[in-house]
Number of protein chains: 4
Amino acid sequence: MNPEESIGRTHWAIAEGYIPEKSHGPEPEMTSHETACLLNAGEREAHVEITVFFADREPVGPYRVTVPPRRTRHVRFNELDDPAPVPRGADYASVIVSDVPIVVQHTRLDSRQAENALLTTIAYPASP
Amino acid sequence: MNPEESIGRTHWAIAEGYIPEKSHGPEPEMTSHETACLLNAGEREAHVEITVFFADREPVGPYRVTVPPRRTRHVRFNELDDPAPVPRGADYASVIVSDVPIVVQHTRLDSRQAENALLTTIAYPASP
Amino acid sequence: MNPEESIGRTHWAIAEGYIPEKSHGPEPEMTSHETACLLNAGEREAHVEITVFFADREPVGPYRVTVPPRRTRHVRFNELDDPAPVPRGADYASVIVSDVPIVVQHTRLDSRQAENALLTTIAYPASP
Amino acid sequence: MNPEESIGRTHWAIAEGYIPEKSHGPEPEMTSHETACLLNAGEREAHVEITVFFADREPVGPYRVTVPPRRTRHVRFNELDDPAPVPRGADYASVIVSDVPIVVQHTRLDSRQAENALLTTIAYPASP
């Protein structure tokens, strides 16, 4: 019953991705955004690489993110900019690879219209 | 740690399906729609067959979709028309079969009322 | 690549359950409701038993539902009434057991406020 | 076909967590909240420990929750206060460990804007 033992997988995938071009409400809280929530419940630092796939061109990445041991990091795709920003208003998908087990959950806040909408799902665990 | 290795499954299912008959907001962005987001992170082209199931009649399909290697394709059920359009305002479900591993995520944007609502889930991976 | 082969599991669970007491908009389409979407992609009729669990009293059920072969049935918890209606405004959960493999997805439409909200998830597959 | 047999897992994770600081509508029903819905379909009482992880400090917990046999308990993170309240407006994640199998589903109601938004997902089953 040790909750801090290493849990999760090393490979994850999110097939949906779309950052709306418009937003309503105060920034940054209500800005339309997509997030990959990363949980590293283990005792070793997680070195995470995110690759972004598109409909009509080669994948871009890896985007590199570090999650310290016993920490969560909610990565906004909106804020990824190295090697290149993620385009707005375009379909994408992502593969997330870590050197230690993590848990990944996908969330979007869409504030294109006056009231916000939300979606979430645990990502697809692609490795055992 | 090669994110482009082949990940996913070949058989997927989505038990929920419903394309609202009404929409608010500019087309096509805010049109009520249902999407199957397909990610082919591998090196071989994916030949995908979607079969649509109904409450009161035989399944329709297969709808054939191709996803190039290292690409994502967000398929709107609204736009499927061969062998037949998916009816609006009716319950359906779908089974998605690919010849190479892919990842499938289901999303709906519902703009029947003035403000849009969203839902998503990773589809059910029906094969190992 | 036969999409009509038997796919899914026989035991499923949905831990969330809540039918809002209020609704806005035309009935029955916009009535607040919770749905268990059942997909029977196989060749044999599915005999499904739903048991509803509560916070403070014994489970109620089974509610019996039949899904013909190659059909989907989107069961509204609102409409279950034998052996007893599901109470509004109260937390519940459900276990769904079928004699043949099916796929189960959980959806809620919440129209308590003027604009509707949606949630969905593939249910938890409790059997292999 | 005994729905009350012990189903689920003992270890679960939710990588997303965020309790909005603002709400619209009548309390407590429409207060912005995050919930971990716990289903104990088995015959033995479940002793559950929730550990909450943050972006920038050590985890807090365990929060202890008991779920009687054949009951569901929808735990609002807003109401957890021992050993400490969960901060509003901050990213978190959670690991949920039970001594008997349970099923865990994550839900948020966000009423920061005039109309509420909802999200849900079955949590990540971290143990077999």
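This is a set of questions and answers on a predicted model.

Reader: What makes C:Glu34 count as buried?

Author: The relative accessibility of C:Glu34 is 0%. Buried means under 20%, so C:Glu34 counts as buried.

Reader: Where in chain C is C:Glu34, and which residues is C:Glu34 in contact with?

Author: C:Glu34 belongs to strand S2 (residues 33-40) of chain C. Leaving aside neighbours within four places in sequence, its contacts include C:Tyr18, C:Ile19, C:Phe77, C:Tyr92 and C:His106. C:Arg108 is also one of them.

Reader: What makes the pair C:Glu34 and C:Arg108 a polar contact?

Author: The distance given for the polar contact between the two side chains is 2.7 Å. The cut-off for such a pair of N or O atoms is within 3.5 Å, so the value of 2.7 Å for C:Glu34 and C:Arg108 meets that cut-off.

Reader: Why is the pair A:Glu34 and A:Arg108 called a salt bridge?

Author: The closest N and O atoms of A:Glu34 and A:Arg108 are 2.7 Å apart. A salt bridge needs a side-chain nitrogen of Lys or Arg within 4 Å of a carboxyl oxygen of Asp or Glu, so the pair qualifies.

Reader: What joins the side chains of A:Arg70 and A:Glu43?

Author: They meet in a salt bridge of 2.6 Å, N to O. A:Arg70 is in the loop between strand S4 (60-67) and strand S5 (71-76), and A:Glu43 is in the loop between S2 and strand S3 (46-54), so the pair ties together parts 27 residues apart in sequence.

Reader: What do the side chains of D:Arg70 and D:Glu43 form?

Author: In chain D these side chains meet in a salt bridge of 2.7 Å, N to O. The pair links distant parts of the chain, 27 residues apart. D:Arg70 is buried, with a relative accessible area of 18%, while D:Glu43 is partly exposed at 48%. Salt bridges that share partners also join A:Glu43, A:Arg70, A:Arg71 and D:Glu58 into one network.

Reader: Why is strand S2 of chain D described as largely enclosed?

Author: Eight of the eight residues of strand S2 (residues 33-40) of chain D are buried, so the strand is largely enclosed by the rest of the structure. Both faces are covered: D:His33, D:Thr35, D:Cys37 and D:Leu39 are buried on one side, and D:Glu34, D:Ala36, D:Leu38 and D:Asn40 on the other.

Reader: What makes S2(D) and strand S5 of chain D a pair?

Author: Six bridges join S2(D) to strand S5 (residues 71-76) of chain D. At least two are needed, so the two strands pair, and they run antiparallel. D:Leu39 stands opposite D:Thr72 in S5(D).

How values were computed
Residues numbered from 1 in each chain as written. Chains lettered and ligands numbered in written order. Predicted model: local features only at pLDDT ≥ 70, side-chain atom pairs only at ≥ 80, totals over all residues. Heavy atoms only, no water. Helix = DSSP H or I, 4+ residues; strand = E, 2+ residues; numbered from the N terminus. Buried < 20%, exposed > 50% of the residue type's maximum accessible area, 1.4 Å probe, protein only. Polar contact = N/O pair within 3.5 Å; in protein donor to acceptor, adjacent residues only side chain to side chain. Contact = heavy atoms within 4.5 Å.
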